[in-house]
Amino acid sequence: MIQPITYQFVQGCFPKRDSAAHKYKNGFVTTFVGSFQYPGAARLCCHAAAQAGAGGVYALLPESLWPLIGSIPAEVIPYMIKEHDGVLSIVDSVENFLVIKEKSSAILLGPGIGRHASLSNLLKSMLSMTELPCVIDGDGLSILGQLGENFLIQHSHGRWLLTPHQGEWQQLLKSFEYNPALSPQELAAKWGCTILLKGFPSHIYTVDGQIYVNTTGNPAATTAGCGDVLAGLIAGYLAQGLSPDQSACVGIYLAGQAADRLVATTRRHSVMATEILAELATNQLTK
Ligand SMILES: NC(=O)C1=CN([C@@H]2O[C@H](COP(=O)(O)OP(=O)(O)OC[C@H]3O[C@@H](n4cnc5c(N)ncnc54)[C@H](O)[C@@H]3O)[C@@H](O)[C@H]2O)[C@@H](O)CC1
Ligand SMILES: Nc1ncnc2c1ncn2[C@@H]1O[C@H](COP(=O)(O)OP(=O)(O)O)[C@@H](O)[C@H]1O
């Protein structure tokens, strides 16, 4: 049965914060997002994860982004990775990843990292070295396609959440040599991971066969960067202890609702990713 995501459902999922809370109890996110080509992806993902309430956000960033560090939110803790001729040092990346993942409770990989051949080994190492729940989006999905279906099945164990748009989904199926019409419901169970298939409406397919359908959102949010905000939000909730299914439902509902409010108040046909963030900062969830 397909279950609509409702206000009550989302409200019931929100993390509770008690008086003994401190930042490490609230959960940190380790992010590997953005590149010289896509600095905005780093900015949007990290901002969204912090705003969702993660205790902190670590960002593994290529050293070429250092001149732009001022555009990354001040709350984010950067770990700059050495590069040789524009290629990230695998040793440096993995060393830093090992340090910060120990202090984290969720990982976000992929948006805006690019698709350089060397990233395949890098992502493989990171994904093999952690048991933490992990959101994989954007270029991370393309690289996952190269790593193969068996790698996904062997490592996901219900902890990974894939957030493709239709283009990324079709590409992933092609990489795994699947019929493009294959049901995401069957694949979520086979792969052992949650799949959030973005579109209108967006659907969430869980490992145990449940399907959720989002009830918020509109095409105004089909602008570059809105997916990065969504991925960051989801990772932020994942870090605070929500399950991959809950994090996906909460993230997509909130981002869609923010876009709905913006369209209703501005009467515009289009919204920007930074406007979604600003809207969520003022109104997280409305009835
Ligand atoms: N400000 C930034 O730095 C931004 C960085 N981004 C990153 O840029 C990288 C490339 O992202 P792209 O999404 O452009 O990937 P691609 O460069 O692979 O483009 C997507 C392809 O899929 C096709 N497609 C089919 N259905 C689609 C759908 N529903 N939505 C989108 N495309 C569809 C498109 O026609 C296109 O050929 C990703 O890592 C992404 O995270 C983007 O999120 C945009 C913003
Ligand atoms: N047809 C649609 N109608 C409404 N919302 C959509 C539609 N397609 C995508 N979305 C939403 O718009 C955002 C865009 O995501 P995505 O395409 O991944 O953008 P990007 O990767 O460029 O940031 C997501 O929040 C997604 O849920």
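Start by selecting ligand 2 and the shell around it: by class, this shell has 8 nonpolar, 9 polar and 2 charged residues. Here Ala, Val, Leu, Ile, Met, Phe, Trp, Tyr, Cys and Pro count as nonpolar, Asp, Glu, Lys and Arg as charged, and the others, Gly among them, as polar. Altogether 19 residues surround ligand 2, and H165, K198, F200, C226 and G227 are the closest; a residue is near a molecule if its C-beta atom, placed from the backbone, lies within 6 Å of it. Now colour helix 10 and helix 11 (244–266), the elements that give two or more residues to this shell. Helix 10 gives the most, with 4 residues. Helices (H or I, at least four residues) and strands (E, at least two) are DSSP runs, numbered from the N terminus.

A word on what you have open: this is a predicted model, in which local features need pLDDT of at least 70 and side-chain atom pairs count only at pLDDT 80 or more, while totals for chains, interfaces and linings use all residues. Residues are numbered from 1 along each chain as its sequence is written, and chains are lettered from A and ligands numbered from 1 in the order in which they are written.

Next, select the residues that UniProt lists for "binding site" in an unreviewed entry: K198, G199, F200, P201, S202 and G227. They span 30 residues in sequence, yet no two of their C-alpha atoms are more than 14.2 Å apart, so they gather at one spot. UniProt positions follow the numbering used here, feature names are shortened, and annotations may be inferred rather than shown by experiment.

Zoom in on two of these residues. G199 sits in the loop between strand 10 (194–197) and strand 11 (203–205), and F200 is found in the loop between strand 10 and strand 11. Are they buried or exposed? G199 is partly exposed, with 13 other C-beta atoms within 10 Å, whereas F200, with 11 C-beta neighbours inside 10 Å, counts as exposed. The cut-offs are 20 or more other C-beta atoms within 10 Å for buried, 12 or fewer for exposed, and in between for partly exposed, with C-beta atoms placed from the backbone. Leaving aside neighbours within four places in sequence, F200 is in contact (C-beta atoms, placed from the backbone, within 7 Å) with G217 and P219.

Move on to ligand 1. Of the 14 residues around it, Y38, G40, P111, G138 and G167 come nearest. The elements that give two or more residues to this shell are helix 3 (39–51), helix 8 (166–175) and helix 10 (226–239). The shell around ligand 1 divides into 4 nonpolar, 8 polar and 2 charged residues.

Now click on D137, in the loop between strand 8 (134–136) and helix 6 (139–147). D137 counts as buried, with 29 C-beta neighbours inside 10 Å. Beyond its neighbours within four places in sequence, D137 is in contact with G110, P111, T163, G227 and A231.

Select L44, H47, A48 and Q51 in helix 3, which meet A273, L277, L280 and A281 in helix 12. This contact has 6 nonpolar, 2 polar and no charged residues.

Note on methods
Two residues are in contact if their C-beta atoms, placed from the backbone, lie within 7 Å.
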